[in-house]
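The exercises below ask you to work from side-chain geometry to a classification.

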Amino acid sequence: MSADKAVEVKGLTVRFGDFIAVDDIGFEVSKGEIFGFLGANGAGKTTTIRVLCGLITPSAGAVRVAGLDFGSDAAAVAIKSKVGYMSQKLTIYQDMSVEENLEFCANLRKMEPARMKARVKELFDFIQFDTDPKTMVKDLPGGLKQEVSLAVSMLHDPEIVFLDEPTSGVAPAARQRFWQLIRRVADSGKTVFVTTHYMTEAEQCGRIALMRDGKIIALDTPAGLKRTAFPVSLIELSSDKPLSKELLAQLKNDPAMRSLVPYGMRWHLEPAQPGSMESLRHRLPAEVELAEVAPSLEDVFIRMVEGKR
């Protein structure tokens, strides 16, 4: 394994009976990288993460995590000591206090009391936790619950932190603060492997792998994915009035246009070649405004992941 690689995967396949959840995928993640893993529900993201955390045995393929090869019970135990995992569902117990959750996790990992005490102080400082540790988790705001869950997943000071949709259901302000913590985790030299359905969050990843039906269909930087999916800038259509069905049908069937997809209250139109906006302007009602825009990751996701279904 290369010294600068935190994760190496080759030919990874996971089968559950006749169902193939992960289908012959391969990728690498560098140390200190924020690596995004995107895909629709059921694409195989969580299964892949559970393999990398040593929770599921792969059906085929080679996997190295934090310099350790899979293949024995001893290796699986060693890998678990080097990774932290924050699952889709909250990884702390609602009917226990913050303090009790941390103590429980420390006991599971057989941490010495002195080391646990020092790590708890470090992590409370890191997430700027100023609430009474004896507070029940169920009484914490949603964003703070996620931050405490992150602290629990990092209690044993792992080299790699796996975050599976860590901000799902959290208010935008809390999500923004959580991603500030993620960047600080990466800045400290740890590797962050994250899945999310929020494209604004995915923009903050160094590289992104797109999964569909158990396969990785693209892997690049956010900017690289946009260039690949959309070599021509998009045209955004907006109007105070909803666009008529006739007009939308006309645009969709226009051979000079590749695609037309809704984007909030607006529409993103992809021309087949540059320079189409002016000719289009003369063919649209006066109340429709046109603007050339760069594609977003949401456009990429619709095109490459959902658009193939």
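**Exercise 1.** Why is the sulfur of cysteine 53 too far for a bond with the closest cysteine sulfur?

Solution. The model is predicted, so local features need pLDDT of at least 70 and side-chain atom pairs count only at pLDDT 80 or more, whereas totals for chains, interfaces and linings use all residues. Residues are numbered from 1 along each chain as its sequence is written, and side-chain values use heavy atoms, with hydrogens and water left out. A disulfide is a pair of cysteine sulfur atoms within 2.5 Å. The closest cysteine sulfur to that of cysteine 53 belongs to cysteine 105 and is 13 Å away, too far for a bond. The structure accordingly holds 0 disulfides.

**Exercise 2.** Determine whether cysteine 53 and cysteine 105 are buried or exposed.

Solution. Buried means under 20% relative accessible area, exposed over 50%, and partly exposed in between, with a 1.4 Å probe and protein chains only. Cysteine 53, at 3%, is buried, and cysteine 105, at 12%, is buried as well.

**Exercise 3.** Classify the ring pairs that phenylalanine 35 forms with phenylalanine 27 and with phenylalanine 37.

Solution. Rings of Phe, Tyr and Trp (its six-membered ring) pair if their centres lie within 6.5 Å; planes under 30 degrees apart count as stacked, over 60 as edge-to-face and the rest as tilted. The structure holds 9 aromatic pairs. For phenylalanine 27 and phenylalanine 35, the centres are 5.6 Å apart and the planes are at 10°, so this pair is stacked. For phenylalanine 35 and phenylalanine 37, the corresponding values are 6.3 Å and 35°, so that pair is tilted.
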